[in-house]
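Please keep the sequence and the structure in view while reading.

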Amino acid sequence: MQQSQKELSITGCLLGTAIGDAFGLPYEGLSKQRQKKLYPNIKNHNFIFNKGMISDDTEHTCMVAQSLIVSAGNTSIFTKQLAYRLKFWLLGLPAGIGSATLKSIIKLWLGFSPDKSGVFSAGNGAAMRSTIIGVCYGNDIQKLRELVRASTRITHTDIKAEYGALAVALAAYISSQKLIISPQIYYEKLKFIIGSEQLEFLSLIKQACESAESGEDTQYFAAKIGLYKGITGYIYHTVPVVIQTWLRYQQDYQTAILEIVSCGGDTDTIAAILGGIIGANVGKDGISQQWLNNLWEYPRNIKWMESVGIRLTEVCQQDMN
(Lines give C-alpha, C1' and ligand atoms only; values in the text may rest on other atoms or scores of the structure.)
Protein backbone atom coordinates (compact mmCIF):
# COMPACT_ATOMS: atom_id res chain seq x y z
CA MET A 1 0.00 0.00 0.00
CA GLN A 2 1.35 3.41 -0.98
CA GLN A 3 2.20 5.65 1.94
CA SER A 4 0.49 9.03 2.22
CA GLN A 5 2.52 12.22 2.31
CA LYS A 6 1.53 12.65 5.97
CA GLU A 7 2.83 9.19 6.89
CA LEU A 8 6.06 9.78 4.99
CA SER A 9 6.58 13.06 6.85
CA ILE A 10 5.73 11.71 10.31
CA THR A 11 7.88 8.61 9.89
CA GLY A 12 10.65 10.67 8.32
CA CYS A 13 10.57 13.05 11.29
CA LEU A 14 10.87 10.19 13.80
CA LEU A 15 13.63 8.39 11.91
CA GLY A 16 15.41 11.64 11.06
CA THR A 17 15.49 12.50 14.76
CA ALA A 18 16.82 9.06 15.70
CA ILE A 19 19.56 8.94 13.09
CA GLY A 20 20.71 12.50 13.81
CA ASP A 21 20.72 11.76 17.54
CA ALA A 22 22.70 8.55 17.09
CA PHE A 23 25.14 10.17 14.67
CA GLY A 24 25.90 13.05 17.03
CA LEU A 25 25.98 11.11 20.31
CA PRO A 26 29.65 9.96 20.27
CA TYR A 27 30.86 13.55 19.98
CA GLU A 28 28.63 15.13 22.61
CA GLY A 29 30.53 17.54 24.82
CA LEU A 30 33.60 17.73 22.60
CA SER A 31 34.69 21.11 21.34
CA LYS A 32 34.89 21.35 17.57
CA GLN A 33 38.68 21.57 17.86
CA ARG A 34 38.98 18.40 19.93
CA GLN A 35 36.44 16.57 17.78
CA LYS A 36 38.47 17.37 14.67
CA LYS A 37 41.64 16.13 16.35
CA LEU A 38 40.11 12.85 17.59
CA TYR A 39 37.79 12.20 14.62
CA PRO A 40 39.23 13.94 11.54
CA ASN A 41 37.02 12.19 8.99
CA ILE A 42 33.50 11.54 10.30
CA LYS A 43 31.40 9.70 7.75
CA ASN A 44 29.41 7.08 9.65
CA HIS A 45 28.13 6.18 13.11
CA ASN A 46 30.96 5.95 15.61
CA PHE A 47 29.45 4.79 18.89
CA ILE A 48 30.40 1.09 19.11
CA PHE A 49 31.71 -0.95 16.16
CA ASN A 50 30.48 1.69 13.69
CA LYS A 51 26.97 1.43 15.10
CA GLY A 52 24.80 4.30 16.30
CA MET A 53 22.71 4.43 19.46
CA ILE A 54 19.90 6.84 20.28
CA SER A 55 19.69 8.92 23.44
CA ASP A 56 17.03 10.89 25.31
CA ASP A 57 16.42 13.14 22.29
CA THR A 58 14.81 10.32 20.33
CA GLU A 59 13.05 8.80 23.32
CA HIS A 60 11.40 12.13 24.16
CA THR A 61 10.23 12.56 20.57
CA CYS A 62 8.78 9.05 20.62
CA MET A 63 7.02 9.74 23.93
CA VAL A 64 5.49 12.88 22.46
CA ALA A 65 4.35 10.86 19.43
CA GLN A 66 2.76 8.23 21.68
CA SER A 67 1.06 10.93 23.73
CA LEU A 68 -0.31 12.52 20.56
CA ILE A 69 -1.72 9.16 19.52
CA VAL A 70 -3.57 8.63 22.79
CA SER A 71 -4.76 12.24 23.10
CA ALA A 72 -5.71 12.82 19.44
CA GLY A 73 -4.74 16.45 19.91
CA ASN A 74 -6.60 17.04 23.19
CA THR A 75 -4.12 19.21 25.09
CA SER A 76 -5.22 18.15 28.57
CA ILE A 77 -4.96 14.43 27.77
CA PHE A 78 -1.68 15.01 25.93
CA THR A 79 -0.15 16.73 28.96
CA LYS A 80 -1.16 13.93 31.34
CA GLN A 81 0.08 11.26 28.94
CA LEU A 82 3.45 12.91 28.42
CA ALA A 83 3.90 13.45 32.16
CA TYR A 84 3.06 9.77 32.79
CA ARG A 85 5.56 8.58 30.17
CA LEU A 86 8.31 10.87 31.43
CA LYS A 87 7.87 9.55 34.97
CA PHE A 88 8.31 5.94 33.97
CA TRP A 89 11.05 6.73 31.48
CA LEU A 90 13.13 8.04 34.41
CA LEU A 91 12.89 4.65 36.13
CA GLY A 92 15.08 3.26 33.35
CA LEU A 93 17.92 5.49 34.63
CA PRO A 94 18.55 7.18 31.26
CA ALA A 95 22.05 8.50 30.68
CA GLY A 96 22.71 12.15 29.88
CA ILE A 97 19.42 13.51 31.17
CA GLY A 98 19.39 17.29 31.51
CA SER A 99 19.18 18.79 34.98
CA ALA A 100 15.94 20.68 34.29
CA THR A 101 14.25 17.56 32.97
CA LEU A 102 15.51 15.48 35.88
CA LYS A 103 14.26 17.97 38.48
CA SER A 104 10.90 18.27 36.75
CA ILE A 105 10.31 14.53 36.59
CA ILE A 106 11.26 14.16 40.25
CA LYS A 107 8.64 16.82 41.00
CA LEU A 108 6.10 14.77 39.03
CA TRP A 109 6.93 11.75 41.19
CA LEU A 110 6.50 13.90 44.31
CA GLY A 111 2.95 14.68 43.28
CA PHE A 112 3.27 18.01 41.45
CA SER A 113 0.84 18.37 38.56
CA PRO A 114 2.29 18.71 35.04
CA ASP A 115 1.47 22.43 34.99
CA LYS A 116 3.59 22.96 38.12
CA SER A 117 6.40 20.46 37.57
CA GLY A 118 8.59 22.57 35.30
CA VAL A 119 11.66 24.47 36.49
CA PHE A 120 12.94 27.84 35.31
CA SER A 121 15.34 26.83 32.56
CA ALA A 122 16.08 27.87 28.99
CA GLY A 123 17.68 24.58 28.00
CA ASN A 124 16.94 22.91 24.67
CA GLY A 125 15.08 19.91 26.12
CA ALA A 126 11.67 21.07 24.94
CA ALA A 127 12.90 21.95 21.44
CA MET A 128 14.31 18.46 20.97
CA ARG A 129 10.81 16.96 21.23
CA SER A 130 8.78 19.59 19.35
CA THR A 131 9.43 18.62 15.72
CA ILE A 132 6.76 15.91 15.70
CA ILE A 133 4.18 18.35 17.12
CA GLY A 134 4.88 20.69 14.23
CA VAL A 135 4.53 17.96 11.61
CA CYS A 136 1.18 16.86 13.05
CA TYR A 137 -0.44 20.17 14.02
CA GLY A 138 1.42 22.96 12.23
CA ASN A 139 -1.64 23.65 10.08
CA ASP A 140 -3.53 24.80 13.20
CA ILE A 141 -1.55 27.60 14.82
CA GLN A 142 -3.65 27.74 17.98
CA LYS A 143 -3.39 23.98 18.55
CA LEU A 144 0.32 24.09 17.74
CA ARG A 145 0.90 26.76 20.37
CA GLU A 146 -1.12 24.87 22.98
CA LEU A 147 0.67 21.56 22.46
CA VAL A 148 4.15 23.11 22.28
CA ARG A 149 3.43 25.08 25.45
CA ALA A 150 2.18 21.95 27.24
CA SER A 151 5.18 19.90 26.14
CA THR A 152 7.61 22.66 27.11
CA ARG A 153 6.24 23.67 30.51
CA ILE A 154 6.23 20.17 31.94
CA THR A 155 10.01 20.60 32.22
CA HIS A 156 11.00 24.17 31.24
CA THR A 157 9.12 27.30 32.37
CA ASP A 158 11.42 29.98 30.96
CA ILE A 159 9.47 31.49 28.05
CA LYS A 160 12.66 31.31 25.96
CA ALA A 161 12.34 27.53 25.90
CA GLU A 162 8.84 27.86 24.47
CA TYR A 163 9.91 30.32 21.76
CA GLY A 164 12.69 27.96 20.71
CA ALA A 165 10.37 24.96 20.66
CA LEU A 166 7.85 26.89 18.55
CA ALA A 167 10.55 27.92 16.07
CA VAL A 168 11.55 24.28 15.68
CA ALA A 169 7.95 23.05 15.38
CA LEU A 170 7.21 25.65 12.69
CA ALA A 171 10.31 24.63 10.72
CA ALA A 172 9.27 20.96 10.92
CA TYR A 173 5.76 21.76 9.70
CA ILE A 174 7.03 23.78 6.75
CA SER A 175 9.48 21.02 5.93
CA SER A 176 6.71 18.39 6.04
CA GLN A 177 4.87 20.30 3.30
CA LYS A 178 7.75 19.45 0.92
CA LEU A 179 8.37 23.14 0.39
CA ILE A 180 11.66 24.91 -0.16
CA ILE A 181 11.09 28.07 1.80
CA SER A 182 13.09 31.28 1.65
CA PRO A 183 14.76 32.41 4.89
CA GLN A 184 12.79 35.66 4.83
CA ILE A 185 9.42 33.92 4.59
CA TYR A 186 10.32 31.60 7.47
CA TYR A 187 11.31 34.62 9.57
CA GLU A 188 8.03 36.42 8.84
CA LYS A 189 5.97 33.34 9.69
CA LEU A 190 7.80 32.89 12.99
CA LYS A 191 7.43 36.56 13.89
CA PHE A 192 3.69 36.27 13.31
CA ILE A 193 3.44 33.25 15.65
CA ILE A 194 5.57 34.43 18.58
CA GLY A 195 4.96 38.17 18.31
CA SER A 196 7.18 40.95 17.03
CA GLU A 197 7.98 42.14 20.56
CA GLN A 198 10.26 39.12 21.21
CA LEU A 199 13.24 41.13 20.03
CA GLU A 200 16.16 39.08 21.36
CA PHE A 201 15.05 35.79 19.87
CA LEU A 202 13.82 37.30 16.61
CA SER A 203 17.14 39.11 16.22
CA LEU A 204 19.01 35.81 16.50
CA ILE A 205 16.68 34.10 14.03
CA LYS A 206 17.02 37.02 11.63
CA GLN A 207 20.80 36.65 11.81
CA ALA A 208 20.40 32.94 11.08
CA CYS A 209 18.16 33.66 8.10
CA GLU A 210 20.49 36.31 6.69
CA SER A 211 23.45 33.97 7.17
CA ALA A 212 21.63 31.18 5.31
CA GLU A 213 20.70 33.60 2.52
CA SER A 214 24.39 34.50 2.20
CA GLY A 215 25.43 30.84 2.06
CA GLU A 216 27.67 30.96 5.12
CA ASP A 217 28.59 27.55 6.49
CA THR A 218 27.35 26.48 9.91
CA GLN A 219 30.66 26.79 11.74
CA TYR A 220 31.14 30.32 10.41
CA PHE A 221 27.68 31.37 11.56
CA ALA A 222 28.15 29.73 14.97
CA ALA A 223 31.38 31.67 15.45
CA LYS A 224 29.62 34.91 14.46
CA ILE A 225 27.21 34.51 17.38
CA GLY A 226 30.04 33.63 19.78
CA LEU A 227 29.97 29.82 19.64
CA TYR A 228 33.62 29.25 18.79
CA LYS A 229 34.06 25.90 20.50
CA GLY A 230 30.66 24.29 20.12
CA ILE A 231 26.89 24.68 20.26
CA THR A 232 25.62 24.74 23.83
CA GLY A 233 22.34 23.45 25.22
CA TYR A 234 21.07 27.00 25.78
CA ILE A 235 17.97 27.37 23.61
CA TYR A 236 19.09 30.68 22.10
CA HIS A 237 22.31 28.99 20.95
CA THR A 238 20.82 25.71 19.74
CA VAL A 239 17.86 26.94 17.70
CA PRO A 240 19.47 29.68 15.55
CA VAL A 241 22.23 27.29 14.47
CA VAL A 242 19.73 24.53 13.65
CA ILE A 243 17.54 26.93 11.66
CA GLN A 244 20.50 28.35 9.75
CA THR A 245 21.63 24.87 8.73
CA TRP A 246 18.13 23.68 7.82
CA LEU A 247 17.47 26.69 5.58
CA ARG A 248 20.60 25.87 3.59
CA TYR A 249 20.04 22.11 3.31
CA GLN A 250 16.28 21.69 3.29
CA GLN A 251 16.40 18.47 1.25
CA ASP A 252 19.94 17.26 1.93
CA TYR A 253 19.79 15.29 5.16
CA GLN A 254 23.28 13.81 5.18
CA THR A 255 25.22 16.99 4.38
CA ALA A 256 23.25 18.95 6.97
CA ILE A 257 23.92 16.43 9.75
CA LEU A 258 27.62 16.20 8.96
CA GLU A 259 27.96 19.98 8.96
CA ILE A 260 26.13 20.66 12.22
CA VAL A 261 27.89 17.83 14.08
CA SER A 262 31.24 19.30 13.02
CA CYS A 263 30.42 22.39 15.13
CA GLY A 264 30.94 20.41 18.35
CA GLY A 265 29.17 20.84 21.67
CA ASP A 266 25.70 19.38 22.23
CA THR A 267 26.00 17.37 19.03
CA ASP A 268 23.38 14.70 19.67
CA THR A 269 20.61 17.20 20.39
CA ILE A 270 21.39 19.66 17.60
CA ALA A 271 21.63 16.80 15.10
CA ALA A 272 18.43 15.22 16.43
CA ILE A 273 16.45 18.46 16.05
CA LEU A 274 17.87 19.17 12.60
CA GLY A 275 17.34 15.56 11.58
CA GLY A 276 13.69 15.67 12.62
CA ILE A 277 13.09 18.83 10.60
CA ILE A 278 14.73 17.64 7.38
CA GLY A 279 13.48 14.08 7.84
CA ALA A 280 9.93 15.43 7.68
CA ASN A 281 10.69 16.62 4.15
CA VAL A 282 12.79 13.79 2.70
CA GLY A 283 11.20 10.83 4.51
CA LYS A 284 12.97 7.55 5.16
CA ASP A 285 14.23 7.35 1.58
CA GLY A 286 16.12 10.62 1.98
CA ILE A 287 18.16 9.34 4.93
CA SER A 288 21.42 7.45 4.33
CA GLN A 289 20.62 3.74 4.10
CA GLN A 290 23.94 2.94 5.72
CA TRP A 291 23.08 5.15 8.68
CA LEU A 292 19.68 3.48 8.98
CA ASN A 293 21.16 -0.01 8.76
CA ASN A 294 23.73 0.71 11.44
CA LEU A 295 21.35 2.02 14.09
CA TRP A 296 21.57 -0.09 17.25
CA GLU A 297 18.34 -2.03 17.81
CA TYR A 298 18.06 -0.93 21.46
CA PRO A 299 16.12 0.81 23.00
CA ARG A 300 14.13 1.72 19.86
CA ASN A 301 14.48 0.21 16.41
CA ILE A 302 13.47 1.34 12.95
CA LYS A 303 10.48 -0.99 12.64
CA TRP A 304 9.04 0.14 15.99
CA MET A 305 9.36 3.82 15.06
CA GLU A 306 7.73 3.16 11.70
CA SER A 307 4.80 1.50 13.46
CA VAL A 308 4.40 4.55 15.71
CA GLY A 309 4.48 6.73 12.61
CA ILE A 310 1.70 4.71 10.97
CA ARG A 311 -0.53 4.91 14.04
CA LEU A 312 0.11 8.62 14.54
CA THR A 313 -0.73 9.27 10.89
CA GLU A 314 -4.08 7.52 11.34
CA VAL A 315 -4.87 9.66 14.38
CA CYS A 316 -3.88 12.90 12.64
CA GLN A 317 -5.98 12.10 9.59
CA GLN A 318 -8.99 11.26 11.76
CA ASP A 319 -8.50 14.52 13.64
CA MET A 320 -8.55 16.45 10.35
CA ASN A 321 -11.85 14.88 9.21
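## The largest pocket

Sorted by class, the residues that line the largest pocket are ten nonpolar, three polar and five charged. The model is a predicted one. The lining is made up of 18 residues, and those nearest the centre of the pocket are Ile 54, Glu 59, Pro 94, Ala 95 and Pro 299. The space in this pocket comes to about 350 Å³.

Rolling a probe the size of a water molecule over the atoms shows where empty space is left.

## Glu 259

Helix α13, which covers residues 253–261, contains Glu 259. Is this residue, Glu 259, buried or exposed? Glu 259 counts as buried because its relative accessible area is 15%, and the cut-off for buried is under 20%.

Leaving out residues up to four places away in sequence, Glu 259 touches Asp 217, Thr 218, Arg 248 and Tyr 249. With Tyr 249 there is a polar contact between the two side chains, at 2.7 Å. Lys 87 is 172 residues away from Glu 259 along the chain, and the C-alpha atoms of the two are separated by 34 Å.

## Thr 245

Thr 245 belongs to helix α12, residues 235–248. Its relative accessibility is 0%, so Thr 245 is buried.

Which residues does Thr 245 touch, not counting those up to four places away in sequence? They are Thr 218, Ala 256, Ile 260 and Leu 274. The side chains of Thr 245 and Thr 218 also form a polar contact, at 3.1 Å. Thr 218 is likewise among the residues that Glu 259 touches.

Conventions:
Residues are numbered from 1 along each chain as its sequence is written. This is a predicted model: local features need pLDDT of at least 70, side-chain atom pairs count only at pLDDT 80 or more; totals for chains, interfaces and linings use all residues. Side-chain values use heavy atoms; hydrogens and water are left out. On a 1 Å grid over the protein atoms alone, a cavity is a set of points where a 1.4 Å probe fits but cannot get out, and a pocket is an open set with protein on both sides within 12 Å along at least five of seven lines; lining residues have an atom within 4 Å of a point. Grid points are joined across faces, edges and corners, and a volume is the space filled by probe spheres set on the points. Ala, Val, Leu, Ile, Met, Phe, Trp, Tyr, Cys and Pro count as nonpolar, Asp, Glu, Lys and Arg as charged, and the others, Gly among them, as polar. Helices (H or I, at least four residues) and strands (E, at least two) are DSSP runs, numbered from the N terminus. Buried means under 20% relative accessible area, exposed over 50%, partly exposed in between (1.4 Å probe, protein chains only). Contact means heavy atoms within 4.5 Å. A polar contact is a pair of N or O atoms within 3.5 Å; within protein, one must be able to donate a hydrogen and the other to accept it, and residues adjacent in sequence count only if both atoms are side-chain atoms.
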